[in-house]
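Here is a colleague's note for someone opening this structure for the first time. Please read it with the model in view.

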Amino acid sequence: MILKTTQRKKLGEILVETGIITSEQLQEALAEQKKTGGKLGQNLLALGYISEDVMMAFVGKQLGVSYVSLSEYGNIPTEVIRVVPENICRHQVLIPISLEEGILTIAMADPLNVFSVDDLRVMTGYEIKAVISSEAEIKNAIENNYGLKESMEDVLKTMDESKASGSVGSIGSLEVVKEEEEEQTDIASLEAAGEDAPVVKLVNLLLSGAIKAGASDIHIEPFEKSLRSRYRIDGVLHEVSSPPRRMRAALVSRIKIMANLDIAERRLPQDGRIKVKSTGKLVDLRVSILPTVFGEKVVMRILDASSLCLDLTKLGFEPDVLPIYQKHIEIPYGIILVTGPTGSGKSTTLYSTLSTINFPDRNIITIEDPVEYVLEGINQVQAKPDIGLTFAAGLRSFLRQDPDIIMVGEIRDAETAEIAINAALTGHLVFSTLHTNDASGAVTRLTNMGIEPFLTASTVVMVIAQRLVRVICENCKEDYQVQAQFIRDLGQKYEDDKPVLLYRGKGCDRCTNTGYRGRLACYEIMVVEDELRDLVLERASTHLVKQKSREHGMVTLREAAFRKVLNGVTTVEEMMRVTFVDAG
């Protein structure tokens, strides 16, 4: 790489001369730099005066090297990737992107690192051409190109070589197709296979790959002639590279050993937990084993405490709805219910809420099944129904522990509901969850459990229904226009006839070509006020309760999702996927 030796202008001067920023914006960024430190480019990015792509292009121009956007570069050939080892790419923050006529092009975050360039020239035997790219894009490209697939292929290749030399032992004997034959497999062989080094590495690859991808669940599913592995990322399952089917029994045995489960029991479901350390942080895994026709299916729920959002303002509450929620979680007594299906973020909302109202002068106790995340300063109890520690039993004990605030993982039966109501009547604030489709359905659900309407009306102060929508990837976000009638066809009121600007993600490397990165919650908050209490006492239908709540300003789940569509946070497809059209 040959850099220009002529005097180079400063970045700020170039940006002003080309009209990318104004002199006033430059002065503001320089003033901010004096206060907070850091580089000028970082301050311009933070102030929103320049995009990362433009900034990197100008930095490259200043340094005399080309800028390459890896998110738009396309696939890097495997033969190019293999030229530079993964550990060097990660350590030096670089990645090879092309090899033509003896010249290896390397994308680097710091193309002036002449030591790295010289080392690569000696190591590869090629001339090196350095180009500049953002650190985030390089790291993402490393994950995509040095990920699970290649590592798994290397492990399997090693296994095949070991098998040919006779050093693997029991691995080859686990290639079982018929269930009847599998039952006769020697348990000692299964245990040995579970501890075999290649199997250990395969399981570690699956786990580390999922954690790096930000997955919430790992699925390992056996079929008649194949084994499928999938990660649930942002609520949607994505298939990833899978081991061959012959590895199924060994993989399951390894996972059972890690979770302290019975490897000899393959006819009944089993549940366990694994704690692993990944990149310096502890991650809990909830393991579920389910016998299927073609073998045991494994699902592992990843509980990463570092990813838990405890800031209510970042969960997805609309600006006019958040103050209502914050006001009611500070009440001295009553019941607040959070409703929604499994995986809709109820636990995160409750944890964030408890964290917000957790002060030294309050005694907060929770009973959960399971305890997903540990919160400092809160007494958390793990429910154990098999020894009699149910939600109801735990609640009874809590009332003798002088609590101010109680959280019950879920109201599943009339007994738990009755004790929760008694706790609210005796001056405690109770949080819990219910499985209902919307906020108004919670009232009917309690009535169906056998709770008298006057008890519901006098204790329930607020019900929150929620769903999670995927957020459009900022890196590949684009706008498009639709006609006003399209909005009305979606069931939304829209008086104007002008075209409407909506947004979607094209798909890029950063979002694994899905167009989405991350999720936010949509909230429907029903405050139980006097008129609503009257309807509850009259055993009014869910429809009437919802109608009255909307008259009092309740924003429904569909309306909350639609607001996020108009604000460019999510897409119409996501809104339709997770919410229903409001009746009436």
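The numbered points below go from the whole chain to its sheets, and then to single residues and helices.

1. **Basis.** This is a predicted model, in which local features need pLDDT of at least 70, side-chain atom pairs count only at pLDDT 80 or more, and totals for chains, interfaces and linings use all residues. Residues are numbered from 1 along each chain as its sequence is written, and side-chain values use heavy atoms, with hydrogens and water left out.

2. **The whole chain.** The chain has 24 helices and 18 strands. Both are DSSP runs, numbered from the N terminus: helices are H or I with at least four residues, strands are E with at least two. Of the 584 residues, 48% count as buried. Buried means under 20% relative accessible area, exposed means over 50%, and partly exposed lies in between (1.4 Å probe, protein chains only). Among contacts with a separation of 6 or more, 63% come from residues 24 or more positions apart. Contact means heavy atoms within 4.5 Å.

3. **The six-strand sheet.** Six strands form an open sheet in the order β6-β5-β4-β9-β8-β7, and the pairing is antiparallel. Strands pair if DSSP finds at least two bridges between them. β6 (236-240) and β7 stand at the edges with a single partner strand each, so one side of each has no neighbour in the sheet. From one strand to the next, the twist averages 25°. Angles run from 0 to 180 degrees between N-to-C directions, with axes fitted as lines to C-alpha atoms, for helices over the stretch in contact.

4. **Inside that sheet.** β4 (residues 217-222) and β9 (residues 295-303) run antiparallel and are joined by four bridges. H219 has V299 in β9 as its bridge partner. Helix α13 (residues 248-258) packs on the sheet and touches β4, β5 (227-233), β7, β8 and β9. The direction of α13 makes about 45° with that of β9.

5. Which residues of β7 point to the buried face? In this strand (residues 270-278) the side chains alternate. Q270, G272, I274, V276 and S278 point to one face and are buried. β7 pairs with β8 (residues 281-292) in the antiparallel sense, over nine bridges. S278 stands opposite K281 in β8.

6. **The seven-strand sheet.** Another open sheet has seven strands, in the order β12-β11-β13-β14-β10-β15-β18, with mixed pairing. Its edges are β12 (379-382) and β18 (516-527); each has a single partner strand, so one side of each is left without a neighbour in the sheet. The twist averages 20° from one strand to the next.

7. **Strand β10.** Six of the six residues of β10 (residues 334-339) are buried. Both faces are covered: G334, I336 and V338 lie on one side, and I335, L337 and T339 on the other. β10 pairs in the parallel sense with β14 (residues 429-434) over six bridges. There, V338 has T433 as its bridge partner. β10 also pairs in the parallel sense with β15 (residues 460-472), over five bridges. L337 stands opposite V463 in β15.

8. **β11, β13 and a helix across them.** β11 (residues 364-368) and β13 (residues 405-408) pair in the parallel sense over four bridges. I367 stands opposite V408 in β13. Helix α16 (residues 391-398) lies across β11, β12 and β13, and runs at about 165° to β11.

9. **H328.** Is H328 buried or exposed? H328 is buried, with a relative accessible area of 14%. This residue sits in helix α14 (residues 322-328). A polar atom of the H328 side chain lies 2.9 Å from the backbone oxygen of I324. Neighbours within four places in sequence aside, H328 is in contact with I336, V461, M462 and V527.

10. **A helix pair.** Helices α21 (residues 530-537) and α22 (residues 542-551) pack at about 175°, with axes 10 Å apart. They are therefore roughly antiparallel to each other, a label for angles over 145 degrees. E531, L532 and L535 in α21 meet L544, V545, K548 and S549 in α22. By class, this contact has four nonpolar, one polar and two charged residues. Ala, Val, Leu, Ile, Met, Phe, Trp, Tyr, Cys and Pro count as nonpolar, Asp, Glu, Lys and Arg as charged, and the others, Gly among them, as polar.

Technical notes: Parallel < 35°, antiparallel > 145°, perpendicular 65-115°, else oblique. Polar contact = N/O pair within 3.5 Å; in protein donor to acceptor, adjacent residues only side chain to side chain.
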